[in-house]
Amino acid sequence: MLNIIKVTGNSLSPFFLPGDYVLVRNYRPGYKNLRVGNFVVFQHSEFGRLIKQVHTIYPETKTLKVVGSHEKSISSHKLGLIPYSDLIGKVIFHIKQSNTSKRRSLLK
Amino acid sequence: MFYKLIQTIDRFHPFPKAKAHCDIPCGIYDPITAQINALTVVRMMDLMAGLAEGDDKAVIDFHNSMSRYVAVKEDHAEKAKHEIRVIWGDFIKDTHVEKYPELPGLVHKIMQFGSKSRQTADRANGLALVDAINQFAEIFWAIKDIKIKKAKAPYAPGLELVYPDL
């Protein structure tokens with residue numbers, strides 16, 4: 001099952017900018033095709049639906065450490081490890097904004 | 001072109017949003033929150049056992065109280081797990097794991113005892129959760145080079161906790 005999700009916030013710039021869309025393949029228990037560096041969408045009990053990059057996978061505790069890529073996004077502030085059960089899915093396609101000048105201004 | 005098409009659809013039928021918010025590390029970590037949550041789990045187990053020994057099981061108040069104890073036990077067991085995951089994910093670094101190789105197994109044990117404390121009303125599971133989180137607290141304070149002391153919590157169920165000796 002696939003979903004389109006809109007990105008808000010700057011944490012994943014320059015890869016993803018606010019206003020970009022991503023095509024997300026829904027996570028199913030037993031889904032093994034997840035690697036460090038993948039972008040994932042998950043539901044966080046405190047911060048709601050988030051998109052982040054996988055930093056470390058801990059198979060024995062069935063959890064992930066996720067990070068942002070922006071320079072201000074140094075650490076996962078109180079995100080904690082993300083249990084597999086909170087995963088919504090993995091980003092498989094990125095729909096970028098076509099207006100390159102707008103992208104440049106957003107990157108500043 | 002494709003973006004424009006998606007954007008147009010989004011205007012009429014908004015897609016769900018995912019935040020890529022900027023994080024600011026606060027640096028405030030303390031296992032005491034998890035320890036207190038675990039103590040609460042044992043306290044609820046004790047209250048449940050006490051209530052079950054009474055004779056008024058047909059009274060609606062019995063069911064009301066039992067439901068509340070179970071709900072608090074569920075909630076605090078999950079909160080204890082969450083607090084440990086936050087420290088494990090955000091504070092603990094690879095160098096800490098190298099120095100304390102028992103950490104991954106200990107965190108896994110905490111997750112399991114937390115789940116067992118939700119699934120059952122067995123006090124042994126609650127005690128195991130408190131014990132495992134105390135062990136985690138000992139390592140946490142050792143990483144921060146802060147001495148610890150062990151003392152009984154000044155409230156029921158009065159179990160021994162690991163505290164920083166400041």
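Residues are numbered from 1 along each chain as its sequence is written, and chains are lettered from A, with ligands numbered from 1, in the order in which they are written. In this predicted model local features need pLDDT of at least 70 and side-chain atom pairs count only at pLDDT 80 or more, while totals for chains, interfaces and linings use all residues.

Student: In what order do the elements of chain B run from the N terminus on?

Tutor: Elements are DSSP runs numbered from the N terminus, helices being H or I with at least four residues and strands E with at least two. Chain B has six helices and three strands. From the N terminus on, the order is α-β-α-α-α-α-α-β-β.

Student: How are H3(B) and H5(B) oriented to each other, roughly parallel or roughly antiparallel?

Tutor: Axes are lines fitted to C-alpha atoms, for helices over the stretch in contact, and angles run from 0 to 180 degrees between N-to-C directions. Helix H3 (residues 60-91) and helix H5 (residues 103-119) of chain B pack at about 170°, their axes 8 Å apart. Angles under 35 degrees count as roughly parallel, over 145 as roughly antiparallel, 65 to 115 as roughly perpendicular and the rest as oblique. H3(B) and H5(B) are therefore roughly antiparallel.

Student: Which residues of H5(B) meet H3(B)?

Tutor: Two residues are in contact if their C-beta atoms, placed from the backbone, lie within 7 Å. On the side of H3(B), the residues include B:Ala77, B:Ile84 and B:Trp88. Those of H5(B) are B:Val107, B:Ile110, B:Met111, B:Gly114, B:Ser117 and B:Arg118.

Student: Which helices do the buried residues of H5(B) pack against?

Tutor: A residue is buried if 20 or more other C-beta atoms, placed from the backbone, lie within 10 Å of its own, exposed if 12 or fewer, and partly exposed in between. In H5(B) the buried residues are B:Val107, B:Ile110, B:Met111, B:Phe113, B:Gly114 and B:Ser117. They pack against helix H2 (32-52), H3 and helix H6 (123-143) of chain B.

Student: Which residues does B:Leu129 contact, leaving aside its neighbours within four places in sequence?

Tutor: A nonpolar core is a set of buried Ala, Val, Leu, Ile, Met, Phe, Trp, Tyr and Cys residues joined through C-beta atoms within 7 Å. B:Leu129 is one of the residues that touch the most other members of the largest such core, which has 52 residues. Apart from those sequence neighbours, its contacts are B:Ala38, B:Val41, B:Ala80, B:Ile110, B:Phe113, B:Gly114 and B:Ser117.

Student: What is the omega of the peptide bond from B:Ala156 to B:Pro157?

Tutor: Most peptide bonds are trans. B:Pro157 is in the loop between strand E2 (148-152) and strand E3 (160-164) of chain B. The bond from B:Ala156 to B:Pro157 is cis, with omega near 10°.

Student: What is the phi of B:Asp145?

Tutor: Most residues other than glycine have a negative phi. B:Asp145, in the loop between H6 and E2 of chain B, counts as exposed with 6 C-beta neighbours inside 10 Å. Its phi is positive, near 60°.

Student: What separation do the C-alpha atoms of A:Gln97 and A:Asp20 have?

Tutor: A:Gln97 is in the loop between strand E7 (87-95) and helix H1 (100-107) of chain A, and counts as partly exposed with 16 C-beta neighbours inside 10 Å. A:Gln97 and A:Asp20 are 77 residues apart along the chain, and their C-alpha atoms are separated by 5.8 Å.
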